[in-house]
There are 2 protein chains.
Amino acid sequence: MFRPEIKVLDCSIRDGGLINKWQFSDELVRATYQALSDAGVDYMEIGYKASRSQFNPKEFGKWRFCDEDDIKRVIDGIESDMKLACMVDIGRVEENDILPVEQSVFDMIRVACYVKDIDKGIALAEHCMGKGYETTINLMAVSTNLEKDIDEALIELSKTKIPYVYLVDSYGNMYSEDITCLVKKYMKALPGKTIGIHTHNNRQLALSNTIQAVIDNSNILDASVYGIGRGSGNCPMELLLGFLKNPKFNLRPILQLIQDYYLPLNKEVEWGYIIPHMISGMLNEHPRAAIAFRDTADKDNFVKFYDMLTTPETGEIKKKN
Amino acid sequence: MFRPEIKVLDCSIRDGGLINKWQFSDELVRATYQALSDAGVDYMEIGYKASRSQFNPKEFGKWRFCDEDDIKRVIDGIESDMKLACMVDIGRVEENDILPVEQSVFDMIRVACYVKDIDKGIALAEHCMGKGYETTINLMAVSTNLEKDIDEALIELSKTKIPYVYLVDSYGNMYSEDITCLVKKYMKALPGKTIGIHTHNNRQLALSNTIQAVIDNSNILDASVYGIGRGSGNCPMELLLGFLKNPKFNLRPILQLIQDYYLPLNKEVEWGYIIPHMISGMLNEHPRAAIAFRDTADKDNFVKFYDMLTTPETGEIKKKN
């Protein structure tokens, strides 16, 4: 699959930080930046920009805040053509925290929002565009929305100049036919915009859903190293680069990065194919129930978790026993 | 995805035995038979039928031979509508080992063969049909064949009454467009036959390739519990049953089986998402190099393995160091 327009965005630190409260060492983040640069990846999303008034810096690592100085220090001296991105959530960032682009190390700001919050999402994205950033709207959890509500959000988006709109399979529930249906819907509603794809791997469909989006003409693709991300994680970068035929991509630095950093990390911090997260994806549920369950002594009692989600009264009874 | 014609075949013991020389306990095989029966799975392939003159019974477990008495003992007393299958390889089974179907516990015999051996495969399959079995031809490793050779094999198959022909992605190399291309080719060349799909999970595409085959009208689907199988393993049964909409399937017994048997087993015996097997799938290679590499002290040196396969001279030099 070769199409020169295709861009790849790494979200390892941002999405992976949801597992460990962004407590990644500078060394790991620097090695990730170096390897992604060498691999020819187009963008690295290095964390969230968030207000310190809302998150305690003693609890959350620096990639929760993405201070310009922290980022500059960690990438200092590495030659790279890769652009830097960060994510912002509605209501969790102060507008003053966002510098004009010419004073910032960031090139892109991605706005995550739910369909119900589309107006707030657009306002925040337009604020970022006004400061000169490439800007995306990542419309989360659409597998739980009525189609008419998605359509209305797309109409609002079509009135803006925001260049990128992402299809996000937040719950890892979709398969190829869902992707095609929604990517085509986004394309039709948003002529001239680039459609992105962000998948989760609950049902081992993150790569194939990303491939399907490419077939359907999505041109900006999210992935993460060794699939790191909350719960089942994301589309693994090594699989995506191994699939894309563009010779600008180089798999070898990613393999080195995995063996040096992400394989050891995965022994300490859980992500990947985990049955409660598979069940949660299959049932189109937010991962919070699976995350909570994996923190109990019963974490490998898959039947108990399945019963809790499918027959809550049974689950409750079992919980009491 | 609901189509009443769709049948699901479990190959956990047969394909999984390639990892541990079929040294599964009777208890595990019995629990697997019980759970698959309760889950509504249509067929269970319980091993290979092979000649004791070719495999030492001291080295290989009983599921390498599939003696009728061993099978009868292990399923004794379990109520089940599930049919039993075994696999045979050309040249590794004596025709006298195959009883007439009315004296056998088996309903189906599957013949694995390469395109180059199609005539021998057909002869063996027809021998099994003559003894009354449902019979399949599983055409292996077609991702390495020239299309004209596949076409010739399909012409030979079209002259037979063998009812099932499988598309097999032996090396875990294919993605959705390959599946569609080949399933359609098989369908066109083999009117009236049922096309099966057997995938491997090297690139995390086993489920999505199986779904794609269903979309393309394949009606017999292989899967294995928790994906057990050589290297990266197969399409996980729990994902497949969770995807298929037919109410006859029941996921719960499979979840119980995984937590009781296959999760603990996977801690002792390696299968799943393993980077050298991912590389091997991406490069369309037989898993033997990855299997051998995983047996060395360097097993997590992914870059070394990648270099060995992509630049053999470099790999050799590194090997000497």
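Why is strand 5 (residues 134-140) of chain A largely enclosed by the rest of the structure? Six of the seven residues of this strand are buried, so strand 5 of chain A is largely enclosed. A residue is called buried if 20 or more other C-beta atoms lie within 10 Å of its own, exposed if 12 or fewer, and partly exposed in between, with C-beta atoms placed from the backbone. Helices (H or I, at least four residues) and strands (E, at least two) are DSSP runs, numbered from the N terminus.

The model is predicted: local features need pLDDT of at least 70, side-chain atom pairs count only at pLDDT 80 or more, and totals for chains, interfaces and linings use all residues. Residues are numbered from 1 along each chain as its sequence is written, while chains are lettered from A and ligands numbered from 1 in the order in which they are written.

Two strands pair if DSSP finds at least two bridges between them. Strand 4 (residues 108-114) of chain A runs parallel to strand 5 of chain A, with seven bridges, and A:R110 has A:T136 as its bridge partner.

Strand 4, helix 4 (residues 118-130) and strand 5 of chain A form a right-handed β-α-β unit, and strand 5, helix 5 (residues 147-158) and strand 6 of chain A form a right-handed β-α-β unit. A crossover is right-handed if, with the strands pointing away from the viewer, the path from the first strand over the helix to the second runs clockwise.

Now to strand 5 (residues 134-140) of chain B. Six of its seven residues are buried, so this strand is largely enclosed by the rest of the structure. Seven bridges join it to strand 4 (residues 108-114) of chain B in parallel, and B:T136 is the bridge partner of B:R110. Four bridges join strand 5 of chain B to the parallel strand 6 (residues 164-168) of chain B, where B:Y166 stands opposite B:N138.

Another part of chain A is helix 1 (residues 12-20), whose buried residues are A:S12, A:I13, A:R14, A:D15, A:G16 and A:G17. These buried residues pack against strand 1 (7-10), helix 2 (26-39), strand 2 (43-48) and strand 3 (83-89) of chain A. Just after helix 1 of chain A, A:K21 has a positive phi of about 55°.

Eleven residues from domain 1 of chain A and eleven residues from domain 2 of chain A take part in their contact, where two residues are in contact if their C-beta atoms, placed from the backbone, lie within 7 Å.

Finally, the chains meet: 27 residues from chain B and 27 residues from chain A make up the contact. On the side of chain B that touches chain A, helix 9 (252-268) of chain B is one of the helices that supply at least two residues. Helix 9 of chain B gives the most to that side, with six residues.
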